[in-house]
Amino acid sequence: MKGQRELARARAVVIGLGALGSISSDLLARAGVGHLRLVDRDVVELTNLQRQSLYSESDVDRPKADAAAERLRSVNSQIEIEPLSKDVHSATVRGLLRDTDIVVDGTDNLETRFLLNETAMEANVPFVYGGAIATYGMAFAIRTPVTACFRCFNPKAPLPGSLPTCETAGIFNAASAMVGAIQAGEALRLLLGETPSGVLFVVDGWHPDIQRIHIGRRSDCPTCVQGEREYLGAKRTQVLASLCGSDTISLDPVHHGSIDMEAVADRLAALGSTRRAGGLLVADVEGRRLTIFPDGRALIRGVKDEAEARGVYAKYVGI
Ligand SMILES: [Zn+2]
């Protein structure tokens, strides 16, 4: 009962509600973590259902954060769940990680992980890294200075296009489920005051196996030793990021407040087919699908790169 009461008082943030975030947030909710903040910028796609266990066919096109919150509220009505349909970048990350006891990684790219690593370190809360691709994955509970940080074992960010992605390699759902479960277990242990193990778990989901690799801090780590905040300090201009598993790009323009959805809907209705889905506007225009959020953020499907996405946004929504 003592541990259960501690969990009821605990606050966790899960960033990214795909394969890993589905598993970890489900387990944290069932374990009774009292406050769960669920963050994802994306909407549910049919192909997500192969591995993203919080969603069903009726959730397609809904914001993942909303669908996940609804599902988890039906699992545990005794805890507080805060869904946020937001993009994570240097201008938003501190707000998304405020007032929490732990951060759980469900993201799909290294840049966001470097950013979360820096921000969690600044906030002095643990960051439970996880990643999965093809048939394998990794998990590591970070709490500096007790353990290495994410940068310690990823000293150089790889060049864009140099790593396999969900798009090119796919994800074996048993592998991502194993990684998500390890992350949830590590998060619960840390929330109950246990010391982090300093072990990187390397999961083979195909021939089920878990290797344990002890990771030490790098004496010259730019982030946890030298104190650089390369990602957190980045000046935000326009934040564009390619999404995993589709030809969709998320675009978060620089502005404050909400956009005039009616005016945008009227303009787009003249060019193609539009419909409203909850608070969102979905428009099919010239072979592209635009899903526009009230704060001006947009998902643009059917584009080949960020520049094209920026052009489509400028052309149809306006900056
Ligand atoms: Zn480090």
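1. Setting aside neighbours within four places in sequence, E186 touches V128, A141, S197 and F201 (contact: heavy atoms within 4.5 Å). E186 sits in helix α7, residues 173-191 (helices are DSSP runs of H or I, at least four residues, numbered from the N terminus). E186 counts as buried because its relative accessibility is 8% (buried: under 20% relative accessible area, 1.4 Å probe, protein chains only).

2. This is a predicted model: local features need pLDDT of at least 70, side-chain atom pairs count only at pLDDT 80 or more, and totals for chains, interfaces and linings use all residues. Residues are numbered from 1 along each chain as its sequence is written, and side-chain values use heavy atoms, with hydrogens and water left out.

3. The chain is assigned domain 1 (2-214) and domain 2 (247-316); the bounds come from an automatic or database domain assignment. Their C-alpha centres are 28 Å apart. Domain 1 gives 11 residues to the contact and domain 2 gives 13.

4. The two domains bury about 880 Å² between them, 43% of it on carbon and sulfur atoms (buried area: accessible area, 1.4 Å probe, that two parts lose on being put together, summed over both). R41, V43 and D61 supply 45% of the area that domain 1 buries against domain 2, more than any other three residues.

5. Three salt bridges link domain 1 and domain 2 (side-chain nitrogen of Lys or Arg within 4 Å of a carboxyl oxygen of Asp or Glu). D61 forms a salt bridge with R289, with the closest N and O atoms 4.0 Å apart.

Technical notes:
Helices (H or I, at least four residues) and strands (E, at least two) are DSSP runs, numbered from the N terminus. Buried means under 20% relative accessible area, exposed over 50%, partly exposed in between (1.4 Å probe, protein chains only).
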